Amino acid sequence: MKSFLYTLFTVCFLQGVAWAQSFTQQADTYFTKEEYAQLIKEGALNVARSANFPESVFAEEYDKHQQQISALATPVIIKKFNWLENGYSTTPAPQSAAWKKRKESYTKELLRGVRDALYANEAFLKTIFTIDESDRIVSFHADITVEKDGALQVTETIKIYNGEGGNNDEIKRGVVREFPTRYKTKTGLVSTVPFHFISVTKNGERESYKWENAENGVRYYFGTANEFLERGYYTYVLSYQTSRQIIFHGDKDELYWNVNGTGWSFTSGKVSCRITFPEGATINENNCYTGVQGSTASDCNFKIISSNVVEFSTTQLLNANEGLTVSTTIQKGMITAPTPLQSAWALLKDNYILPALAIAIFFLFVINFTAWWRVGRDPEAGTIIPQFEPPQDFSPADCGFLLKQTYSAPLFAASIVDYAVHRLVDIEVKREGLILKTPVYYFNRPAHIRGEFERDYKRYKWYGYDIEDLFGQKAAKGEYNSLIASRYSSLHTQLKNRMQISSGTTNSFRGLFSLNDGYIGLGIFYLFLCGFGTMIYFIVYGGTPVLVASAILLLLLGVVLQILFSRWMSAYTKEGRKLLDHVLGFKRYLETAEQKMFDALNPPEMTIQLFEKYLPYAIALGCENKWAAKFEAIINQAIEGGYQPVYYRMQGSSFSASSFASGISSGISSTIASATTPPSSSSGGSGGGGSSGGGGGGGGGGGW
C-alpha cells in the first residue's frame with residue numbers, strides 16, 4: 001500500500017509541476033529555474049559520490065531519473081525553505097552581501113533536501129545508483145554510405161559500459177574489434193575483400209590502437225597496454241572503407257551486411273544502421289535477421305527514410321554471439337559492377353593459384369625433382385610388427401598427425417574423447433531441429449569436478465588447450481563457434497610444434513617429419529608467373545582457340561605436376577619413420593578383428609577399460625568402427641549388466657559399441673568441422689532467404 005501511494009503521488013506530482021520549478025515565493029527571487037535544476041542535479045551527484053558511484057555513470061543515469069528525483073525532493077526542499085524563511089524578518093537588497101549570504105543558505109538547504117529525500121527512499125535510491133556491472137555494448141550504430149563504384153564508407157559508433165565484475169568483465173584497457181576480410185565462396189574457393197581502417201576515437205578524442213591478422217580477417221585493439229579504463233561509459237567511433245561487398249544479381253543489386261557481427265562476447269542493447277545509396281537509387285526490398293550465426297529470426301525492423309536511404313534496428317537485446325544482419329536492394333545501373341575479367345582476376349589473386357609461364361613447366365619439373373631427390377625421399381620402412389600400445393608419450397592426435405601429416409577434425413574429436421574417457425568432460429548428444437534433426441554435442445563439466453578445475457598437464461602438453469575451456473559450449477552443424485574454433489586451431493599449432501619440422505623452429509617433442517614447404521613455394525612462384533604472363537599475353541596480343549586451349553592444357557599440366565610433388569615432397573626423419581612403423585603396428589592391432597593372430601604375442605586382456613583407453617587412438621587413426629567391433633560382445637554383456645559410460649550420453653538412443661564409436665567419430669568430427677568454419681559469403685539475403693551472420697562485414701570483438 002505504501003509503495004502504491006508513493007507511485008500515485010509521483011505520477012500526480014509530475015502531472016502538476018515541471019522538473020525545473022518554483023519552491024517558495026522568496027526563494028524564487030534568488031534562483032532561476034535553470035539554477036534550481038542544476039542544484040538538484042548537484043545534490044544527487046553528492047549522494048552518488050558518497051555511494052562511490054562514478055560521475056561518468058551518474059551523468060548517463062541521471063537523465064533517466066531527473067523528473068522523479070525532482071518530484072521526490074520538492075516537498076522536502078519546500079519544507080526546508082519554509083523553515084529557513086521563518087527565521088528571517090527582513091529582505092536584503094538584491095546582490096548585497098546579506099543577499100548573497102542568504103542565497104548560500106538556500107543553496108545548502110536545497111542540497112540537503114535532495115540528499116534527505118533520496119536517503120529517505122532506499123528502494124528508489126537503489127534504482128538510481130545500482131546498475132548492471134557487466135561489460136556490455138549499450139548501443140551499436142553503423143552509418144554505411146555506398147559509393148557508385150561499390151565502395152562502402154562505414155562509421156561505427158559503439159557505446160560500451162565498462163563495469164566492475166558482473167557476468168562479463170573482459171574490458172581492462174579497451175575494446176577489441178574483428179573485421180572479416182576472407183570468405184568462402186559457394187565453390188569452396190577463398191574470396192578476399194579490401195579493407196582500409198581510417199580512424200578511431202574514444203569519447204571524441206583520438207584513441208591509440210594496434211592490429212594483427214586474425215584467422216579470417218584483421219583484429220584491432222583499441223587502447224594501450226599500460227593504461228586501464230575506469231568504470232563507466234565510453235563511446236568509440238570507428239571509420240573504415242571496404243569494397244567488393246555488393247552482390248550483383250541479374251535484376252537487382254544487393255547489400256547483404258552483418259551490422260555488428262555474431263562474434264561479440266558482449267550483450268548488445270540496441271543495434272542499428274543507416275544505409276545510404278547513391279543519389280537516384282530506389283530501395284526495393286528490405287529484410288533483416290537477428291540471432292546467432294545462421295538464425296532466421298527477425299527481431300528487428302526497418303524504416304525507409306528516402307528513396308535511397310533506409311534504417312534498420314533491433315527490437316530486443318542481443319546476447320553474446322548474436323548479431324543483426326540486413327539485406328537491401330536497389331535497381332541495377334546505379335552501382336558500377338566489376339567486369340567478368342576483373343572478377344576472374346580477383347578470384348585468381350584471392351586463391352593464390354596463379355599459373356606460371358608455359359615455357360617454365362619443364363624447369364618447374366627439374367626444380368621439383370631435384371628438391372624431391374635431395375629431401376623428399378622417406379627412409380626405408382621397417383618390418384611392421386603388431387604393437388599393443390602406442391609409442392611412449394604419444395597422444396591420439398600425435399598418432400593421427402604423424403600418420404597423415406595433415407590436420408583434420410577427427411584429431412580434435414580424438415582429443416576431446418581422450419579427455420572424456422579420463423572423466424575430465426561429459427559429452428551429451430541431443431538431436432535437435434524442426435524437421436531434419438541433427439546431433440548437437442554439449443560439453444559439460446563432470447559432476448565429480450567441483451571447485452576450481454585442476455589442469456591435466458600431460459594432456460595440456462599434448463593438446464595445447466584445457467578441456468575446461470569447452471565447458472558449457474556446444475557444437476552444432478551450421479553454427480560457427482568461435483571458442484571451439486580457437487581451441488581447434490590451438491591443437492593444430494601444438495601438433496606442428498611437437499613434431500613437424502619447420503625452418504627456424506625447434507620442436508617441443510621431436511622433429512619427426514617435414515613438409516618441405518620451402519621447396520614447394522618455388523614451384524608455386526613459377527606457376528604464378530606463368531598465369532600472369534599468359535593473361536597479359538592474351539590481353540595484349542589475343543589468340544586463337546587452339547592457342548588458348550593449348551595454354552590451358554599446359555597450365556593444367558603444371559598444376560597437376562605441382563600437386564603431385566607437393567604430396568611427394570614431405571618426408572619423415574629416421575626417427576619419424578621408426579615411430580611411424582610403431583604407429584602402423586599399433587593401428588594393425590586396433591583394426592584387426594582376428595584376436596587369434598595375436599595370441600602368441602601376449603596381447604592385453606579384452607576389457608571395457610581397454611576399449612575406452614584406446615578408443616581415442618582408433619578415432620585418430622580412422623579405425624574406430626573396427627576397434628568397436630572387437631569389443632561388441634564384451635560391451636553388450638556389460639550393457640545387460642547396466643553399463644553406461646557416465647561421460648557420454650545420447651538422448652533417445654540406447655548405448656551400443658558401434659553406435660558410440662561411429663557417432664563419436666564421424667558425428668562429432670563433421671559437426672566440429674562445421675562449427676569451426678568461419679562465416680562465408682552467400683548468394684544474398686534478399687527475398688527473405690538470408691540469415692544472421694550471412695552477409696559481408698560483421699565480425700565481432702570483446703575486451704582486452
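A residue counts as buried under 20% relative accessible area, as exposed over 50% and as partly exposed in between, calculated with a 1.4 Å probe on protein chains only.

**Overview. The whole chain, as a predicted model.**
This is a predicted model, in which local features need pLDDT of at least 70 and side-chain atom pairs count only at pLDDT 80 or more, whereas totals for chains, interfaces and linings use all residues. Residues are numbered from 1 along each chain as its sequence is written, and side-chain values use heavy atoms, with hydrogens and water left out. The chain has 18 helices and 27 strands, which are DSSP runs numbered from the N terminus (helices H or I, at least four residues; strands E, at least two). Of its 704 residues, 47% are buried.

**View 1**
Strand S18 covers residues 323–330, and 8 of its 8 residues are buried, so S18 is largely enclosed by the rest of the structure. Gly323, Thr325, Ser327 and Thr329 point one way from S18, while Leu324, Val326, Thr328 and Ile330 point the other way, and all are buried. In a regular strand the side chains alternate between the two faces of the sheet. Strand S12 (residues 253–258) pairs with S18 in the antiparallel sense over 6 bridges, where pairing requires that DSSP find at least two bridges between two strands. Within that pair, Trp257 has Val326 of S18 as its bridge partner. Strand S15 (residues 283–291) also runs antiparallel to S18, joined to it by 7 bridges, and Asn286 stands opposite Thr328 of S18.

**View 1. Ser327 within strand S18.**
Ser327 lies in strand S18 and is buried, with a relative accessible area of 1%. Although Ser327 and Glu285 are 42 residues apart in sequence, the C-alpha to C-alpha distance between them is 7.7 Å.

**View 2. An open, four-stranded sheet.**
The 4 strands of this open sheet are arranged in the order S21-S20-S19-S25, and their pairing is mixed. Strand S21 (473–476) and strand S25 (648–650) stand at the edges with a single partner strand each, so one side of each is left without a neighbour in the sheet. From one strand to the next, the twist averages 20°. Elsewhere in this sheet, strand S19 (residues 426–432) and strand S20 (residues 438–444) pair in the antiparallel sense over 7 bridges, and Lys430 stands opposite Val440 of S20.

Lys303 stands opposite Glu311 of S17.

**View 3. Packing of helices H2 and H4.**
Helix H2 (residues 33–50) packs against helix H4 (residues 97–120) at an angle of about 50°, with their axes 9 Å apart. Axes are lines fitted to C-alpha atoms, for helices over the stretch in contact, and angles run from 0 to 180 degrees between N-to-C directions. The contact involves residues of H2 including Tyr36, Leu39, Ile40 and Val47, and residues of H4 including Leu110, Leu111, Val114 and Leu118. By class, the residues of the contact of H2 with H4 comprise 10 nonpolar, 4 polar and 4 charged; Ala, Val, Leu, Ile, Met, Phe, Trp, Tyr, Cys and Pro count as nonpolar, Asp, Glu, Lys and Arg as charged, and the others, Gly among them, as polar.

**View 4. Packing of helices H14 and H15.**
Helix H14 (residues 574–591) and helix H15 (residues 608–621) cross at roughly 120°, and their axes come within 11 Å. Val583, Phe586, Lys587, Tyr589 and Leu590 of H14 meet Leu610, Tyr614, Tyr617, Ala618 and Leu621 of H15. The contact of H14 with H15 has 9 nonpolar, no polar and 1 charged residues.

**View 5. Two loop residues with positive phi.**
Asn203, in the loop between strand S6 (195–202) and strand S7 (205–206), has a positive phi of about 50° although it is not a glycine, and at 45% relative accessibility Asn203 is partly exposed. Arg244, in the loop between strand S10 (232–242) and strand S11 (246–248), has a phi near 60°, a positive value in a residue other than glycine. Arg244 is partly exposed, with a relative accessible area of 40%.

Technical notes. Contact = heavy atoms within 4.5 Å.
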